[in-house]
Structures are given as structure tokens and as C-alpha cells.
Amino acid sequence: MVSSLANLAERSAAASEPKPAPLSESGVAPVIAAIDVGSNSLHMVVVRINPNIPSFTIISREKATVRLGEYCNQTGALTPAAMERARTALERFCRIAESFQVQDIVAVATSAVREAPNGPEFLKRIEQELGLRIELISGQEEARRIYLGVLSAMEFHNRLHAVVDIGGGSTELILGNGQEPEFLRSIKVGAVRLTQAFLHHDPPTSAELQALRQHVRGMLEAPIEQMRRIVEASQQPGSLTLVGTSGTIECLAQLDARRRLGAAPTRLQGYEFSLEALRAYVKELRSLTVAERQKLPGFGERRGEIILAGAVILEEVMTLLGVERIQFCERALREGLIVDWMIGQGLIEDRLRYHSSVRRRSILKLAEKYQVELPYAERVAEFALSLFDQTRGILHSWGSRERALLWAAAMLHNCGHFISHAAHHKHSYYLIRHGELLGFNEEEIEVIANLARYHRKSPPKKKHENFQRLSNERDRQVVLELSPLLRIACALDRRRLQAIQALHCRFQLLGEGPRCMELILDPKHPNDDCALELWSLNEKKKVFEQQFKLQVIPKLSTQIQRSADPFEAAV
């Protein structure tokens, strides 16, 4: 079983790289599984992709309430019991996915794993024991993918809609009109988190409920005020539509439907209920014990424990936004994972745009925020990618994923100047690490930040705390091999005058002489000796030479007799 799960995991890891695979090898539309490892529940959807429309059809849904977000009170770590419950559920999910012969599994972990000090160790254990690779994503990236999931089920007709997703550990707030999101935010208020922190009596006391409400309002006021300003600036006529997703809002929608219609509809997609009704439910729920709440139709044992905190969060969101009604959407993060996979495959381009553009805009936005000199950054990135391409297959074997991470690091390597020139490479690491880049998972952000960190001064060392944060040996090797390329790229525009136009690599790796790489540089002006660039290059090349165990010999093309093929490699 483990070997077959490992095969699924290999396909899961491959899903993060774009590849032209609209159909499986047999010509049948591919079947994909998406797993959402949340703070309260684990969810999986299995879908069949129709690449011609493009769209997908859900053929199976699975859920397990494991309460991964029930942290140890002393350490804030995931408890052994919660991790074991999650592992058991994930093993079952993998067996189900295998029974559907899925082509890929896309799995992400959110708030509970993101915040727990032993979260990365838990993910490593799952990969080792089940062969399932789970991406750890930021709160803002979680919000972006929720938005994609909602758009797969609803038309916004170019009107701004607000979206709220109340999870166990966090609440995501989104504002968008069906195109690029105008606002994405993840706030650390969730149904499990707040129940554990504030509601200690059964039923809760008035003081506990008041403290809970004050905390929620304090956490939500600032982000919702930002949303209101965006809506006001848009001068959109009519009221703002609020869309709600996930378990808390689904249970409240079911409760409202049973009370108003006598029974819950077969599908809750698009079902609406009012703020007035919600306030009545909060008043009712606060007077009930957990056991009494659990007996309410559709709540169940686990939801009954946390529904009051979730309902208070929703009440405060609606009150602060000034909306009177909320509309439920059945699709959320897990469906968003499927949409994101389809974008990555190039199956969706017009409506939601291509995945790489999400990454690019996110990088440029962060560069602008920290006043990066873009023309210089773009030249460094161009040189870094040229080195990557010309040394690939000779000095390294990395692919498109690592190339994209190198580009991102090159664009942002100098953002630390925003804080100070002194040790700016270390400041760059911190700013990138906490910059909430969209389109990247947490592991990829860590790689980008480390690459930028090592564009100058000391090379990577095991004792460095930031280098230790790289979660696996593969990513550490990426940083070891690609950061020297970035160092050389930085040296090639030392005066920031575009003195060097292009570079060409020639290799001598076999034979009697020492291993060497001629780095042939094309000056912009034939009479420019590029002395400062060559001096800087001689300083920066040492780490490159140590890493790849060869000598780098810089030369100006204007001073040598070029061979007919500057890319010729004697290997």
C-alpha cells in the first residue's frame, strides 16, 4: 500500500509544474484529487476534468473532522492525538483517491499546521509514511485559492462581491469582481481557535461571550474598513453581495432552511439567509449546552461544539460590512485547488488568466512596496536566468520550478535596502519570507528568501537558522547551487549602467587541464573595459567556484577571438 501511495505522491508533486497534459495517456479526461488539511476538518474532492470547456465535475467528496487545531495549551504544538487522527484520515483519503485512479493529488495545509511549531515535522511524517506531499500555504494564498473555488461556481458579472470563509483557525476575507481579487486577507479568528480560547463554561457565561465578541471585532475592524473603502471608491451602485463558504456558514444555512422551509434543500448552493435571522440563532445557541446544540439537525457532535464561536464571527463580519444578507457557496478551497491546477496546466487562460502571471504580479507588487530599483533587478534576473539555462545539464539539473524561484529571488534580492544597506541581504530574507507572495507555497517562499539572503557575503551554512528552515534536502541543494548564479548576476551590472549586454558560457570539464568555465561578456560599448564589473565578478565568483569545483575565467568578447559557437561545451 505504501508503495502505491508513494506513486500517487510523485504525481502529486509533479502537479505543481505546468505541463501539457489536458488528457491522460489513454485519452480519457484526467481525474484529480484535492485535499484541504484544515484546523477543524480534512476535506477531499475527486473531480473529472473536462479540458475542452474547461470545467470539472465532482465525482466524490470526503470529510473527516479531526480537530488538528486543538493545540497543546503549553507549547502551541499539534497534539499527538490530533496528528494521529489526521494521519488516519489522510491514509483513507489516499486509498479512495487510488481507487479512482487519480492522475494527481493536490494537497495543502492551512492555519493549524502553518502556526504550530511542529507543523513541518507533521507534514514530513505524512510524506514519509503515506507518500503524500502536502503544501503549506500562507493565509493570503489560501484566500486566493478560495476565491478561485467560488468563481468556479458563481458568476460575479463584473460586480464587486465580498467572500467570507470561516475555518477552524482563521477567517479569510476576499473582495473581487470575478477578475483579479481586489483584497485578500486571512485573520486569526476561527471557530476552533476561539472556542478553545474563550468559551470555557457550558453554556458559556455572558462575560465569556462578551470577551469573545470584543476580540473578534478588534481583529476584524481594520481589514473590513479597508474593504469598505475599496467598495466606496468603486462607486458601484446597489448593495454589496456577501458570499459565505465552508462548514460554519453551511450549518447556519441548513438551520435557517429547516426553520423557514421545513427542510434543508438538496443543494444549498446560492441559499440566502439574513443578518436578523443570524442574530436570533446566536441568541439561541448561546443559551444551549453543547449537548443540546449537537441535537440540532445538521450540526452533529463536532460542529455543535464550535458553532457558537463561528456564528459570532459571521455576525460581526456582516455587521461591520453593513450587509443584511449572505449567500452560501458550496465551493471553496479544495475546489480552488482544482482550478489552480487547471490554470497551471494552461487549461484556463482567458477568464482567470495564467498561473505564472499571478506569481509575476505578486513579485512586482512586493518589489514596488519596498522600492526596488526595477530596471536593475530585471537585468540581474536576466543574467541569472541566462546562467541557469547555459549551465543546466552541465553543472545542475534543475527545472522550470527552480528557474521560476531563481527569477523571483533575483527580482527581490535587494529589497532589504528598504530597511538598511547594512546587512541588507538578511533584511531581504525577512521581507520576502513575510511578504505573503501569491502563487507560491511556503516551501517555495522559503527557497526564494534563502536565495536572496545568499546573494552576498557568507555562503549557505548548516548553522544558519534561515538555512535550517528549508524543509528538505532538495530545497537546500537548490539554494546551494543557484545562489552562486545570483551572486555572479549581481556582479555583472555593478555600475547599474547596463555595461554588460549578454553573457556566454564555455566549459572545459574533461581532459588534462583543470575544470573551468569561460564567462564571455559582451560589453555595451566596445571601448568600455568594464573594469568595475570584472573586479566585482572576481570577488563574487569564489562561491561559484567552490560549489561547482571549477575555475571561472571572465573575459570580454571584445578582447578575444570568439569561436564560431560561444555555447560550445567540451564535456
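**Entry 1. Cysteines**

I began with C415, which is buried, with a relative accessible area of 0%. The model I am reading is a predicted one. I then searched the whole structure for disulfides and found zero. C415 is accordingly in no disulfide, and I noted that the nearest cysteine sulfur, that of C490, is 12 Å away. I looked up C490 in turn: C490 is in no disulfide either, and the nearest cysteine sulfur to it is that of C415, 12 Å away. Because a disulfide requires two cysteine sulfur atoms within 2.5 Å, I record no bond between C415 and C490. C490 counts as buried at 6% relative accessibility.

**Entry 2. Salt bridges**

I ran a search for salt bridges over the whole structure, and it returned 45. I inspected several of them individually.

For R92 I noted a relative accessible area of 34%, which makes the residue partly exposed.

I turned next to D340 and R145, whose side chains meet in a salt bridge at 3.8 Å, N to O. This pair links distant parts of the chain, 195 residues apart: D340 is in helix α12 (residues 333-344) and R145 in helix α5 (residues 139-151). Are these two residues buried or exposed? I find that both D340 and R145 are buried.

I then took up E533, which forms a salt bridge with R495, with 3.0 Å between the closest N and O atoms. E533 lies in helix α20 (residues 531-548), whereas R495 lies in the loop between α19 (473-491) and β12 (500-508), so the pair ties together parts that are 38 residues apart in sequence. I recorded E533 as buried, with a relative accessible area of 1%. R495, at 29% relative accessibility, counts as partly exposed.

I also followed salt bridges that share partners, and these join E84, R87, E91, R95, R125 and E129 into one network.

**Entry 3. Helices α6, α8 and α11**

In helix α6 (residues 191-198), I found A191, V192, L194, T195 and F198 to be buried. What do the buried residues of α6 pack against? They pack against α7 (206-234), α8 (247-261) and α11 (300-321).

I then examined α8 and α11 as a pair. Their axes come within 9 Å and cross at roughly 95°. Because angles of 65 to 115 degrees count as roughly perpendicular, I describe α8 as roughly perpendicular to α11. On the α8 side, G247, T248, I249, C251 and L252 meet R303, I307, G310, A311 and L314 of α11.

**Entry 4. G399**

I located G399 in the loop between α14 (374-391) and α15 (400-412). At 13% relative accessibility, G399 counts as buried. Setting aside neighbours within four places in sequence, I find G399 in contact with F388 and R392. I also checked the separation of G399 from G435: the two are 36 residues apart in sequence and 25 Å apart in space, C-alpha to C-alpha.

Methods: Residues are numbered from 1 along each chain as its sequence is written. This is a predicted model: local features need pLDDT of at least 70, side-chain atom pairs count only at pLDDT 80 or more; totals for chains, interfaces and linings use all residues. Side-chain values use heavy atoms; hydrogens and water are left out. Buried means under 20% relative accessible area, exposed over 50%, partly exposed in between (1.4 Å probe, protein chains only). Helices (H or I, at least four residues) and strands (E, at least two) are DSSP runs, numbered from the N terminus. Contact means heavy atoms within 4.5 Å. A salt bridge is a side-chain nitrogen of Lys or Arg within 4 Å of a carboxyl oxygen of Asp or Glu. Axes are lines fitted to C-alpha atoms, for helices over the stretch in contact, and angles run from 0 to 180 degrees between N-to-C directions. Angles under 35 degrees count as roughly parallel, over 145 as roughly antiparallel, 65 to 115 as roughly perpendicular and the rest as oblique.
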